[in-house]
Amino acid sequence: MRKKLLPGLIHRLPQNAMSRTMGKITASRFSRLAIQRYIRHYKIDFSIIEKPVSEYRTLKEFFTRRLKPEARPIAPGHDVVVSPVDGTVSQLGDICEGTLIQAKGKDFTVTELLGGSEQEAKRYYGGKFITIYLSPRDYHRIHMPVAGNLVKYSYLPGRLYPVNQLGIENVERLFARNERLVTYIETDGLGSMALVKVGALFVGSVKVSYNTATTNIKHGRQTDEPIIGTPHYEKGSELGWFEFGSTVILLVESSQLEWADRVEKGQSLLMGQVLATIETEKE
């Protein structure tokens, strides 16, 4: 009975309002009382956290915690792409005919994911993609997978379906329907990258470090803006963060990418570890 009721229920929930309410609750000073219980429940290693647990004033502040620099070393090498987040690989592979895989029997298009721009989407046809899910226990800061220039961003308002297994298996085109904040990066060896940060149920918002863009805005409208100054970010630099768990989808224009050993569906990743290497053309 539960399996039949839940899929129908998730379509009827006031997802955005619930998520904004959750954001307010976790930002309240009373929420700090839940931090220790949160640590115990999710078995969080607080020894690698940037500052003592007692210094976090709210649950949201703890959730968006930074780590000690040595906790997430960045794999070196100009030909090395690193994981932008801690999380678990949901899907990965080639972008065939502009289509991405959500789950078995469920696909969506790059055009839908990027807000309807066919011209923008075509840059990634024939390229690579990877989808990484962040659970509530994961570190929720988002970092640069390679060095590059930030050229523009898009805010794409939408629903906030859960992005766990329940949502993935029961919501068609889930990642193209949920709120997204996309950062476009021009790289040296891989052409364009689109780092898509997908909102979810109870994700208060998605924030970025390069401006005040955010998600889950009441009556929000689609926004496509250049990033002033096209700042250069080094590999591993902080790009943004989730206020509670969600998903990142990385689109890569170039097909000259080889996934690292054991980077496969269901595999856990740590930010900064080798995700893939750039293949060099053979003579």
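Let's start with how the chain folds back on itself: of the contacts in the protein chain with a separation of 6 or more, 76% are between residues 24 or more positions apart. Keep in mind as you look around that this is a predicted model. Across the protein chain the mean pLDDT is 87, and 89% of the residues reach 70 or more. The start of the chain is another story. Over residues 1–6 the pLDDT stays under 50, and for this stretch the model has two contacts beyond four places in sequence. Where pLDDT is low, the predicted coordinates should not be read in detail.

Now for the overall inventory. The protein chain holds eight helices and 17 strands. It has 283 residues, and buried ones make up 52% of them. As for the surface, the chain exposes about 14000 Å², with carbon and sulfur atoms supplying 52% of that area.

Take strand S7, which covers residues 148–156, and strand S8, which covers residues 180–187: they pair in the antiparallel sense over eight bridges. If you want a spot to look at, find Tyr155, which stands opposite Leu181 in S8. S7 also runs antiparallel to S11, and four bridges join the two. Here Lys152 is the residue to look for, standing opposite Pro226 in S11. Then there is S12, which pairs with S7 in the antiparallel sense over two bridges. In that pairing, Gly148 has Tyr233 of S12 as its bridge partner.

While you are around S11 and S12, have a look at the loop between them. Strand S11 spans 223–226 and strand S12 spans 232–233, and Thr230 lies in the loop that separates them. Most residues other than glycine have a negative phi. Thr230 is not a glycine, yet its phi is positive, at about 35 degrees. Is Thr230 buried, exposed or partly exposed? Its relative accessibility is 39%, so Thr230 counts as partly exposed.

Arg173 does something along those lines too: it is not a glycine, but it has a positive phi of about 55 degrees. You'll find Arg173 in the loop between helix H7 (165–170) and helix H8 (174–177). Because its relative accessibility is 32%, Arg173 counts as partly exposed.

Next, a sheet of three strands. It is open, its strands come in the order S1-S17-S15, and the pairing is antiparallel. Strand S1 (80–82) and strand S15 (257–259) each have a single partner strand, so one side of each is left without a neighbour in the sheet. From one strand to the next, the twist averages 30 degrees. Zoom in on S15 and strand S17 (residues 274–278), and you see two antiparallel strands joined by three bridges.

S10 and S13 pair in the antiparallel sense over three bridges, and Val208 stands opposite Gly240 in S13.

Which residues does UniProt list for "active site"? The unreviewed entry gives Asp86, His143 and Ser246. His143 lies in strand S6. Its relative accessibility is 7%, and that is under the 20% that sets the limit for buried, so His143 counts as buried. What is His143 in contact with, leaving aside its neighbours within four places in sequence? The contacts are Pro84, Leu195, Gly236, Ser237, Glu238, Leu239 and Met271.

Conventions
Residues numbered from 1 in each chain as written. Predicted model: local features only at pLDDT ≥ 70, side-chain atom pairs only at ≥ 80, totals over all residues. Heavy atoms only, no water. Pairing = 2+ DSSP bridges. pLDDT = per-residue confidence, 0-100. Contact = heavy atoms within 4.5 Å. Buried < 20%, exposed > 50% of the residue type's maximum accessible area, 1.4 Å probe, protein only. Areas by Shrake-Rupley, 256 points an atom, 1.4 Å probe, with all protein chains shown as cover. UniProt positions renumbered as here; feature names shortened; annotations may be inferred. Axes fitted to C-alpha atoms, helices over the stretch in contact; angles between N-to-C directions.
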